[in-house]
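Here are my notes on the two-chain model you asked about. Have it open while you read, and go through the points in order.

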Amino acid sequence: MSDNQAPQAPKAMRGVGNFIDDRFHLAKMGEKNLRKVFPNHWSFMLGEIALYSFIILLLSGVFLTLWFNPSMGHIVYDGSYERLRGVGMSEAYASTLHITFDVRGGLLMRQIHHWAALIFVASLVIHMLRVFFTGAFRKPREINWLIGVAIFTLAIVEGLFGYSLPDDLPSGMGLRIFQGVLLALPLIGTYASFYLFGGEFPGEVIIPRLYSLHILVIPAILLALIAAHFMILWHQKHTQYPGTGRTEKKVVGTPMFPAFAIKAGGFFFFTFAVIVGLSAFVQINPIHLFGPFTPTSITAGLQPDWYMGFLEGSLRIFPNWFDITIAGYAIPMGVLIPGLGFMGILFGGLAAWPFVEAWITGDKRPHNLADRPRNAPVRTGLGAAGITFYGLLWLAGSNDILSHTFEISLYTTTWIFRIGIFVGPVIAYIITKRICLGMQRRDRETLEHGYESGTIAQLPGGEFVEVHKESSPETVHVLESKESMTPRIETPAANANGVESPASRSLMGKLRARLADWYTRDNISFVGVEPHSGHHLHHGSHNGDGPTHGVQGSENGHGGSTASDKVTQGAGQNK
Amino acid sequence: MTDNNTDNGNGNGSEEPRERVIGTPTGGGDALVAGKEEPHRKHEGPYLAEETHARPEETQIRGEKIAAVWFLIAFLAGVGFFVSYFSFAPNAANEPVIADPATAQLANALMGGTLALSLFAIGAGMTVWARQILPHYEVASPYDELPSPPKEKSSFSEFFMRSANESGFTKRPLMRRTLLLAMAPLGLAPIVLLRDTGPAPRDTLKSTLWEDGLHIVVEGTGRRIKAEDLSETGGMISALPEAHDGDHGLSLDDQAKTVILLIKMDPDDFGPQMNQQRLDWTHEGIIAYSKICTHVGCPAALYERTTHRILCPCHQSTFDASNGAEVVFGPAHRPLPQLPLRVDNEGYLVAAGDFSSPVGPTFWDAEVKN
């Protein structure tokens, strides 16, 4: 068949190709990029979801701008939606009603835009967690991690601003809280608020201003950052999970053209279909039910979009005990710390982590193979602690609903979160780290013994044992990919005369040594473990039992020739 | 199949291209086995022969059919989208039929449902295409060696420094420094230009419209209030100052600062924070507080009459209305400002002055008296 003999390109394509190449000399570069390798793993699709939902946001957003009127001019509504006729409102709110009740497909586009925003931020978070837990942020990819953190931060700000534009009751209340947090800033708070809002809250300019930020400035920056994210990814190539043939030197996967392009295209349509499906059947942000914003009204049980939930929660549970007054000037810590400090901890911590980890471990090598999360127990534990911290704050943002649902006092829920926010992350850290270490032990055992076959054999001595079988080469490869975890700080501990080097004697040096110890101490060593060698880890009960060794040795097939094996057998014979 | 290959030819001798090997699939099979000796010559596809694993022709034919069915479904759903769009056309009087919320929901479900189905079907068809027609294989590509070889690095650094020297930027400090100096005002200009985005705060936040003799009216109706209107102990009304020029005279800015809660309670319930001045500001157990929470500015709209507690639904700051609106729980720091009350000659409730302290979220100089 001629399938594999490349047919000549159709004349029209050759024409276009030649036209371009005559001007840009792109044949070689074009081929190289069409051959770009995409490693196959489901978790690599998370970032794709973010990209696709961003594209959907751009498309649906452009549609909405055709009718939306970002004006705070006060009018009395006289439009198609009967229930609000005669009600005073801003033109922004009225035009949102127009999109909903006069423009066919307008409601759909509004819901698509909102759902896509929620999914955009959600997929960013999950993608980020994947990169964190697999250590894909390590050298040489720290810059791309930082760009990712910037995208995440901007996406949240972009979401908050977009949420504020329709000028319905919850959206205005979100702005009010934002302004309240701004006011709390020492010295500059009132100025920042007056300049941003053009005077007092709510003023008459905030929506046009947020509109220009929301549809132009922030999307442009986001687009630039996303482009940079991709160019760096393209240049550095993807990380990959350990496996046969996958090494630090060579990336293995599906080529961009044709297979990945078609798969990714299909995935784009799936993402789009899910967002449109949600928009068709799950109502979101029904602003016509909320009514227009007035600064004097509120309804109980208001919930912000999910990604603002953790800030809402932190504002709810942070007490006023630390509010101070210096020479009569108020510093409302109860607003500053939860409103800005927690965000600083979250984004600052994320941004700093690659460098902190490299500093602690002294690891300066480039990494292309992703870590299995269990093989970095402290990092994984910290990640779990971070998720718990964030998750508890997020839940605390719904404490009134929780209190109502579970019929516990509102103040009790607040106290549960106030305590849980400290205890929860510690517990999550300990449990996660222990699970990781347990999985490491299990891995070492599998590596040495093969997998449990489920077959029970009886030994001549009457003892029952489970027969282990050799794992596949792929499994062995994956298990063997675990790096030994020793602190790699280069500073020599002591010179020839036994005097500690200044670097390790300094306070930072000591801190670093302690952190490195904490980071690596409990890790299970795989050093010297030979695949299917059988007995390296063997428990004392088997040592005196000759026949056991005989059976298992033959079962595992490798003849017990490794050093560790001999040692164990020797010990057995001595008894 | 590769076994066959190695068994038969040792690679070096056979010049003639191998046609077929028994037992290999026909469709695309040639490439799979042919390229062992000289893959580059035999296979002109995108990848080396040993890297490709074509699907059996049978699978591909079935895949093509299934994908085509999905694409047809996508097409029909796409047509369905247009049908649902045009079936919600404005009525004869040119009024939109989707103005009715129920119809709007139906239109949304139909348009969204057909669109989602169309998108899903395209995705499904492409997935079938990828899984049943595209050959399955993985290819490898080397990662860049990091860092660049010392030779390249030193060559770059040498070139850069030589050129920088050549430019005179390093050698001519006067020029360099004056250029940097020249840039400074330009860099600051955009920031300075933002100055007129808003007025300076001055003391705007510390005073409101409320003044002695200004009538208190019910929020929403604009009706003046007499003390008897709050006859029932435990009653609560959300109120505003009377606008001088009709219904819409009060801007949102002013509403946000002046809105109050009027609460009637048994005067015996007043707590120790209610000093003589604060008691003077009440009228027959009627007390007025700012409705705007001192935490971050939500309306503290919930009132529990038995405990006299005012609760802000946003972050649950709780104030004791019987005790100067002291904070009893939650993140707020300052009590709600109290509005002095009295009645005028006709018995209507009026303000007796402005609030006892600045309204709304605490700002840095909120507690500084002028």
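Predicted model: local features only at pLDDT ≥ 70, side-chain atom pairs only at ≥ 80, totals over all residues.

1. Is A:Thr239 buried or exposed? Its relative accessible area is 7%, and buried means under 20%, so A:Thr239 is buried.

2. What does A:Thr239 touch, leaving aside residues up to four places away in sequence? Within chain A the list is A:Pro39, A:Phe44, A:Arg130, A:Ala136, A:Arg141 and A:Asn368, and from the other chain there is B:Tyr143.

3. Now zoom out to chain A as a whole. You'll find 21 helices and eight strands in it. Of its 575 residues, 51% are buried. If you take the contacts in chain A with a separation of 6 or more, 75% of them are between residues 24 or more positions apart.

4. Chain B has nine helices and twelve strands. It has 370 residues, and 43% of them count as buried. Among the contacts in chain B between residues at least 6 apart in sequence, 58% join residues at least 24 apart.

5. Next, how do the two chains meet? Chain A puts 105 residues into the contact and chain B puts in 94. Together they bury about 8,400 Å², and carbon and sulfur atoms give 62% of that. On the chain B side, the residues that lose the most area to chain A are B:Tyr143, B:Phe329 and B:Trp364, together 11% of what that side buries.

6. The largest share comes from α5(B), with 19 residues. By class, this side of chain B has 56 nonpolar, 24 polar and 14 charged residues.

7. Strand β4 (residues 250–255) of chain A runs antiparallel to β1(B), and four bridges join them. To find the spot, look for A:Val252, which stands opposite B:Ala140 in β1(B).

8. Finish inside chain B, with strand β3 (residues 236–241). Why call it largely enclosed by the rest of the structure? Because five of its six residues are buried.

9. β3(B) also has strand partners. Three bridges join it to strand β2 (residues 216–218) of chain B, running antiparallel, and here B:Ile216 has B:Pro241 as its bridge partner. Four bridges join β3(B) to strand β4 (residues 260–264) of chain B, again antiparallel, and there B:Ile237 stands opposite B:Leu262. Watch the labels: this β4 belongs to chain B, while the β4 in point 9 belongs to chain A.

Terms used: Residues numbered from 1 in each chain as written. Chains lettered and ligands numbered in written order. Heavy atoms only, no water. Contact = heavy atoms within 4.5 Å. Buried area = accessible area lost by both parts, 1.4 Å probe. Helix = DSSP H or I, 4+ residues; strand = E, 2+ residues; numbered from the N terminus. Nonpolar A, V, L, I, M, F, W, Y, C, P; charged D, E, K, R; others polar. Pairing = 2+ DSSP bridges. Buried < 20%, exposed > 50% of the residue type's maximum accessible area, 1.4 Å probe, protein only.
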